[in-house]
Amino acid sequence: MQDVVIIGGSFAGLSAALQLGRARRKVTVLDTGSPRNRFASHAHGILGHDGKPPAEILAEGRAQLEIYRSVEFRTAAAQTIGGEKDDFIIALADGGLIRTRRIILTHGITDIMPDMPGFAACWGKSVLHCPYCHGFEVADRRLGVLYFAPISAHVAAMLTDWTGDLTVFADGLPIEPDFRAWMVRKGVKLVEPKVAGVVQQNGQLSAIALADGQEIGLDALFAGPRQRPSADFHIQLALQMDPTPIGEVIHVNEMFETSVPGIYAAGDVGSMRQNVPNAMAGGNLASVACHNSLLD
Ligand SMILES: Cc1cc2nc3c(=O)[nH]c(=O)nc-3n(C[C@H](O)[C@H](O)[C@H](O)COP(=O)(O)OP(=O)(O)OC[C@H]3O[C@@H](n4cnc5c(N)ncnc54)[C@H](O)[C@@H]3O)c2cc1C
């Protein structure tokens with residue numbers, strides 16, 4: 001019987017494993033090796049790691065964990081979760097079974113690429129989701145925002161700190177009068193027709209193609225595709241969820257415990273504040289709460 005199984009061995013999961021390993025608890029980390037930011041060549045905004053490739057940061061974390069002998073790593077997909085607090089059973093895709101007293105879910109989210117030619121090819125390269133992660137690298141270039149909901153107005157407002165050449169692509173959607181007036185005031189261009197696709201070569205976009213045949217030259221596009229948890233444990237366990245403007249995340253209390261006792265969640269799958277430092281902090285705090293719950 002393991003003390004804790006961590007499902008997802010990336011930023012949140014490794015951070016949780018570190019604290020539990022230091023507490024000398026028996027831990028298994030299951031991971032399928034697909035962190036969300038694998039599409040980007042470099043990660044930013046992470047103190048001590050700014051500008052490093054994501055895989056390098058994770059490899060460094062894994063290497064530091066090697067001295068904690070009670071932590072076991074398995075390259076395996078968790079498939080189902082059964083049982084209850086103090087005696088959960090996790091079935092793996094390879095047929096294995098693991099019994100554990102606690103579970104921390106850190107399996108992240110999956111960005112759902114829209115059915116827009118060129119979009120997926122540019123994802124993480126020149127179609128970007130976060131100004132803090134990538135804005136500095138494209139500052140003062142021709143930037144665009146793909147409008148999908150009122151929250152896009154906030155992204156546009158942020159991007160005025162990164163460029164004076166900003167275009168909002170309404171993609172045929174209605175634009176609120178306040179946002180329209182703000183764009184006029186700030187000199188932000190509005191392109192209203194539906195977007196037909198991203199004109200690109202090897203992931204570098206050069207223009208946005210519109211349904212009416214026009215092409216608007218651009219260097220980078222900020223977009224917020226919809227997302228879903230990377231596995232279906234929230235459905236299997238009927239976990240309480242919190243809606244977000246682009247999907248849903250697992251609801252956790254202040255101790256990072258989900259609505260099922262003994263199951264914790266951290267990182268992107270359990271938070272709307274989705275970045276690496278927050279995933280690391282969440283994994284750390286969830287593991288401490290989880291460890292405390294194991295004390296007699
Ligand atoms: C293109 C892009 C660039 C980004 N750049 C930055 C950046 O510069 N700075 C920044 O702070 N943030 C960045 N982010 C956000 C960052 O990637 C996430 O916030 C971070 O990866 C979340 O970490 P996590 O551990 O919660 O999940 P993830 O890193 O997504 O890891 C989840 C892990 O769980 C594994 N897994 C999934 N299902 C299972 C299963 N059933 N069994 C076992 N394992 C499973 C996956 O393989 C994966 O390894 C970027 C995101 C994107 C999309």
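Good morning. A search of the whole structure finds zero disulfides, a disulfide being counted here as a pair of cysteine sulfur atoms within 2.5 Å. What we are looking at is a predicted model, in which local features need pLDDT of at least 70, side-chain atom pairs count only at pLDDT 80 or more, and totals for chains, interfaces and linings use all residues. Residues are numbered from 1 along each chain as its sequence is written, and side-chain values use heavy atoms, with hydrogens and water left out.

Let me stay with the cysteines for a moment. In general, a disulfide is a covalent bond between the sulfur atoms of two cysteines. Cys-130 is buried, at a relative accessible area of 14%; buried means under 20%, exposed over 50%, and partly exposed in between, with a 1.4 Å probe and protein chains only. Cys-290 is also buried, with a relative accessible area of 0%.

I turn to the annotation. An unreviewed UniProt entry places the feature "domain: FAD/NAD(P)-binding" at residues 3-283; the positions follow the numbering used here, feature names are shortened, and annotations may be inferred rather than shown by experiment. Over that range the chain is 22% helix and 31% strand, and the end C-alpha atoms are 16 Å apart. Helices (H or I, at least four residues) and strands (E, at least two) are DSSP runs, numbered from the N terminus.

Next, the ligand. How many residues surround the ligand? There are 37, and the closest are Ser-10, Asp-31, Thr-32, Ser-34 and His-44; a residue qualifies if one of its heavy atoms lies within 4 Å. By class, this shell has 17 nonpolar, 16 polar and four charged residues, where Ala, Val, Leu, Ile, Met, Phe, Trp, Tyr, Cys and Pro count as nonpolar, Asp, Glu, Lys and Arg as charged, and the others, Gly among them, as polar. Helix H1 (11-22), strand S2 (27-31), helix H4 (131-134) and helix H8 (276-294) each supply at least two residues of the shell. H8 gives the most, with three residues.

A nitrogen atom of the ligand is 3.0 Å from a polar backbone atom of Ala-78, and an oxygen atom of the ligand is 3.3 Å from a polar backbone atom of Asn-275. The protein covers 97% of the 990 Å² of accessible area that the ligand has on its own, with areas from the Shrake-Rupley method and a 1.4 Å probe; for residues, only the protein chains shown count as cover.

Finally, the backbone. Most residues other than glycine have a negative phi. Asp-171, although not a glycine, has a positive phi of about 55°. Asp-171 sits in the loop between strand S10 (166-169) and helix H6 (177-186), and is buried, with a relative accessible area of 13%. A polar atom of the Asp-171 side chain lies 2.8 Å from the backbone nitrogen of Val-195.

Is Asn-202 buried or exposed? At 76% relative accessibility, Asn-202 counts as exposed. Asn-202 has a positive phi of about 50° and is found in the loop between strand S12 (195-201) and strand S13 (204-210). Thank you.

Technical notes:
A polar contact is a pair of N or O atoms within 3.5 Å; within protein, one must be able to donate a hydrogen and the other to accept it, and residues adjacent in sequence count only if both atoms are side-chain atoms.
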